[in-house]
Amino acid sequence: MLIAGFPAGAWGTNCYVVAPAAGEECVIIDPGHQAAQGVEDTLKKHRLKPVAVVLTHGHIDHVASVVPVCGAHDVPAWIHPDDRYMMSDPEKALGRSIGMPLMGELTVGEPDDVRELTDGSKLSLAGLDFSVAHAPGHTKGSVTFRMPEAADVPSVFFSGDLLFAGSIGRTDLPGGSHAEILESLARVCLPLDDSTVVLSGHGPQTTIGRERATNPYLREVAAGLGGGTAAPRRGM
């Protein structure tokens, strides 16, 4: 399996390109702010053909390049319906007044083909299987994508802004909820095997085992305390 990731734009949001191998079809995860050129460079380097864009949530730092990337390759974008409005109205998602400048160079809107994700669904794209889990808390429509273990390759978990190395996503923006993100951590993350590789929306790669042992939020959720205040939270 090939997973090529790079941090993009002003927020350093991780964009991932996933394929069975070089020279095959691929899926693009979270093409955010200023990610389009990085996507094109990755496709060219590995001789890949996109078949879809999938989005962990609707914040502008994760979706800003969806329209140009989908348009350039005539592929659909998948997003949870609770976050779909953010593609066309990112200011509302950030609690700003309509018309207040966000970043002048951004072109917001939906691509021509938008498809909606549901909790527990299975996506088979580019010869890859993704399990979708609705994981609200950072936003109402946050989701995660998990790829099953295969041969000698451990399971891979694209956590978006639910879980980071050492922290979790912020919950102080519209649609955020501390109680909901704790519930999502307990329901979505805790059942995963320790060997599961976590590829987050921001920051370095980690594993569920490492986070279970060291992440203060996940440790407190596992202990049934739910306080989780020992580390700064991240994401837009």
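Reader: In which strand does Ile3 lie?

Author: Strands (E, at least two residues) and helices (H or I, at least four) are DSSP runs, numbered from the N terminus. Ile3 belongs to strand β1, residues 2-8. The model is a predicted one, in which local features need pLDDT of at least 70 and side-chain atom pairs count only at pLDDT 80 or more, while totals for chains, interfaces and linings use all residues. Residues are numbered from 1 along each chain as its sequence is written, and side-chain values use heavy atoms, with hydrogens and water left out.

Reader: Is Ile3 buried, partly exposed or exposed?

Author: Buried means under 20% relative accessible area, exposed means over 50%, and partly exposed lies in between (1.4 Å probe, protein chains only). Ile3 counts as partly exposed because its relative accessibility is 31%.

Reader: Which residues of β1 make up its covered face, and which its uncovered one?

Author: In a regular strand, side chains alternate between the two faces of the sheet. In β1, Leu2, Ala4, Phe6 and Ala8 form the covered face. Ile3, Gly5 and Pro7 form the uncovered face.

Reader: How many bridges join β1 to β2?

Author: Two strands pair if DSSP finds at least two bridges between them. β1 and β2 run antiparallel and are joined by seven bridges. Within this pair, Cys15 in β2 stands opposite Phe6. The hairpin of the two strands has four residues between them, and Gly9 there takes a positive phi near 75°.

Reader: Which residues touch the most other members of the largest nonpolar core?

Author: A nonpolar core is a set of buried Ala, Val, Leu, Ile, Met, Phe, Trp, Tyr and Cys residues joined through side-chain atoms within 4.5 Å. The largest one here has 28 residues, and Ile28, Val39, Leu48, Val53, Leu55, Val66 and Met87 touch the most other members. At least two residues of this core come from each of β1, β2 (13-19), β3 (25-29), α1 (36-46), α2 (60-63), α3 (66-73) and β5 (77-79). β1 gives the most, with four residues.

Reader: Why is strand β9 described as largely enclosed?

Author: β9 covers residues 143-147, and four of its five residues are buried, so the rest of the structure largely encloses it. Four bridges join β9 to β8 (residues 128-134), and these two run antiparallel. Ala133 stands opposite Thr144 of β9. β9 is also joined to β10 by three bridges, again antiparallel. Met147 has Val156 in β10 as its bridge partner.

Reader: Which side chain does Asp161 meet in a polar contact?

Author: A polar contact is a pair of N or O atoms within 3.5 Å; within protein, one must be able to donate a hydrogen and the other to accept it, and residues adjacent in sequence count only if both atoms are side-chain atoms. The side chain of Asp161 makes such a contact, of 3.2 Å, with that of His138. Asp161 sits in the loop between β10 (156-160) and β11 (163-164). Asp161 is buried, because its relative accessible area is 2%.

Reader: How many salt bridges are there?

Author: A salt bridge is a side-chain nitrogen of Lys or Arg within 4 Å of a carboxyl oxygen of Asp or Glu. By this rule there are seven. One of them joins Asp194 and Arg212, whose closest N and O atoms are 2.7 Å apart. This pair links distant parts of the chain, 18 residues apart: Asp194 is in the loop between α6 (178-189) and β13 (197-200), and Arg212 is in helix α7 (residues 208-214).

Reader: Where does Asp74 lie, and what is its phi?

Author: Asp74 is in the loop between α3 and β5. Asp74 is not a glycine, yet has a positive phi of about 55°. At 71% relative accessibility, Asp74 counts as exposed. Ala126, likewise not a glycine, also has a positive phi of about 55°, but Ala126 is buried at 12%.
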